[in-house]
Amino acid sequence: MKIIGTLLAAGVVPVLAYRFGRTQAAWQDARNAKRSLRRDRRTAWSHTARLAVGAALLLAGLTAAAFDLAR
């Protein structure tokens, strides 16, 4: 019985240590993901703004060309 208890303890300690380490890593991953989300959101908004400005300039140019052809 003593051997079974020893083997059980020897098996449980590494498992608990692994789970504790993964819990810590999960919190770090969540924190890094939150920071990454902010950075990615800023990047996406800057790309959207550039796309909107480009589309507006393109439409303005096409409108000017259409207006010039209509006269």
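Modeller: Buried means under 20% relative accessible area, exposed means over 50%, and partly exposed lies in between, with a 1.4 Å probe and protein chains only. This is a predicted model, in which local features need pLDDT of at least 70, side-chain atom pairs count only at pLDDT 80 or more, and totals for chains, interfaces and linings use all residues. Residues are numbered from 1 along each chain as its sequence is written, and side-chain values use heavy atoms, with hydrogens and water left out.

Biologist: Is Y18 buried or exposed?

Modeller: Y18 counts as exposed because its relative accessible area is 53%. Y18 is found in helix α1; helices (H or I, at least four residues) and strands (E, at least two) are DSSP runs, numbered from the N terminus.

Biologist: How many helices and strands does the protein chain have?

Modeller: The protein chain has 1 helix and 0 strands. Helix α1 covers residues 2-70.

Biologist: What about the overall dimensions?

Modeller: The C-alpha atoms fill a box of roughly 100 × 15 × 5 Å along the principal axes. The radius of gyration is 30 Å, whereas a compact globule of 71 residues would have one near 11 Å. That radius is taken over C-alpha atoms, and the globule rule is 2.2 Å times the number of residues to the power 0.38.

Biologist: What share of the 71 residues counts as buried?

Modeller: The share is 1%. The accessible surface comes to about 6,600 Å², and 70% of that belongs to carbon and sulfur atoms. Such areas come from the Shrake-Rupley method with a 1.4 Å probe; for residues, only the protein chains shown count as cover.

Biologist: Which residues form the nonpolar patch on the surface?

Modeller: L8, V12 and L16 form it, with about 290 Å² of accessible area together. Patches are made of residues with over 30% relative accessible area and no salt bridge; like charges are joined within 9 Å, and nonpolar side chains (Val, Leu, Ile, Met, Phe, Trp, Tyr) within 5 Å. A salt bridge is a side-chain nitrogen of Lys or Arg within 4 Å of a carboxyl oxygen of Asp or Glu. L16 is exposed, at 54%.
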